[in-house]
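Trainee: I am new to this structure and would like to understand the words used to describe it. Could we go through them together?

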Amino acid sequence: MKTRIGQVQVIYSGRGKPTYQLEMWHDGLKKHRLIRGDGEGIVQLRAQLQAEDWAQKWDEVDSRQKQRNERALGKRQQEEKKSEASDRTSDAQQALEILSSLLKATLDVDDRIDWESLEDNTPFPEGKPTAGKLSAKPSAPNLPPEPRRPDTKYQPALGLLDKLISSRRIRLEADAERAFSNDLEDWKRGVAELERAHAEATALYEQKLRADRAAHQKETEDWEARLLTFVAAQENSNVRVQARRIAYENGETEAIVEYIDLVLSSSRYPDYFPQEFDVEYDAAAKTAVVDYQLPAPDDLPTRKSVKYVASRDEFEEQFITEAQAARQYDDVLY
């Protein structure tokens, strides 16, 4: 289930100062957040960070729910339900433990913005087109041997009578000459057909070769154009990041507010923390004022364990006392 993000809206104060805001929802987590800021870019960036955080939490919730659904589909045995109660108890204990260690956890995290990590250094996702493998050029045909008059095939076999009777010899010699002439014509026609077929195959090969080269050239030119567009967009994005860094290091008010906003947006808290805030910076006093919305007492988890009661075939939840919940709330806020 994805986060739904509304359009950025601009609201002007009585003094004409613009404030950018957008709403976002996650139906699965039943979460809603209104994000506000002095610039459209920072609002969109905060929305992206929140969407990533909700996506991670939804994956965890969805995974646990799927596991529970799998159990409920046919695993009604008591041991399975005891295991589910144990898992839910572990989840409850973990939630309480997270609350008790919020400060320690955040002190162990370096929340400074790594400007280089904000730059886009992803490689171009498309490899350069490669030319297709060329088919073999048609080879010259193997021509049959040309008939020759001296070949044994065309020498009349003269018997004794053939040699004595000239008419018989002349007829046999004429037959041999005719056979030679017929074979020579057949050979010439066969060679001509082989050479014609080879010429046609060669012409088709050259035509396909030119078409393949032209297609590869066009594909390469299109790829190079996309590469240039990608690199230009990446460079422009990185230039904007570098400009924000310079503005921050120069102490510009808007950049200081944006930096604080990024730090607070990057901080990870349990999903029942609203994580909604407004930041103002007094450049003269070099003082930042943060109006940060904190969770209400009822927003914090109070369940400490879950027990499966086999006799009633139901789960029984135990909660911390009201006094413990009050102390827990004070500790979390402080």
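Mentor: Gladly; we will take the terms in turn and set each value against its definition. This is a predicted model, where local features need pLDDT of at least 70, side-chain atom pairs count only at pLDDT 80 or more, and totals for chains, interfaces and linings use all residues. Residues are numbered from 1 along each chain as its sequence is written, and side-chain values use heavy atoms, with hydrogens and water left out.

Trainee: Why is Lys30 called exposed?

Mentor: Buried means under 20% relative accessible area, exposed means over 50%, and partly exposed is in between, with a 1.4 Å probe and protein chains only. Lys30 has a relative accessible area of 74%, so Lys30 is exposed. Lys30 sits in the loop between β3 and β4 (31–37); such helices (H or I, at least four residues) and strands (E, at least two) are DSSP runs, numbered from the N terminus. Lys30 also has a positive phi of about 55°, although it is not a glycine.

Trainee: What makes Asp27 and Arg4 a salt bridge?

Mentor: A salt bridge needs a side-chain nitrogen of Lys or Arg within 4 Å of a carboxyl oxygen of Asp or Glu. The closest N and O atoms of Asp27 and Arg4 are 3.0 Å apart, so the pair meets that cut-off. The pair links distant parts of the chain, 23 residues apart: Asp27 is in the loop between β3 and β4, and Arg4 is in strand β1 (residues 4–5). Asp27 has a relative accessible area of 45%, so Asp27 is partly exposed. Arg4 is partly exposed too, with 41%.

Trainee: How many salt bridges does a search of the whole structure find?

Mentor: The search finds 26 salt bridges. One of the pairs is Lys81 with Asp313, whose closest N and O atoms are 2.8 Å apart. Lys81 lies in helix α2 (residues 78–100) and Asp313 in the loop between β7 and β8, 232 residues apart.

Trainee: What makes Glu193 and Arg196 a salt bridge?

Mentor: Their closest N and O atoms are 2.4 Å apart, and both residues lie in helix α6, 3 residues apart, about one turn of the helix. Salt bridges also link Glu84, Arg88, Arg303 and Glu317 in a network.

Trainee: Which residues touch the most other members of the largest nonpolar core?

Mentor: A nonpolar core is a set of buried Ala, Val, Leu, Ile, Met, Phe, Trp, Tyr and Cys residues joined through side-chain atoms within 4.5 Å. The largest one has 17 residues, and Leu22, Met24, Ile35, Val43 and Ile113 touch the most other members. At least two residues each come from β3 (18–26), α1 (40–72) and α7. The largest share, 6 residues, is supplied by α1. In soluble globular proteins, nonpolar side chains tend to be buried together.

Trainee: How do you know that Glu252 is partly exposed?

Mentor: Glu252 has 42% relative accessibility, so Glu252 counts as partly exposed. Glu252 is found in the loop between α6 (166–249) and α7 (253–266).
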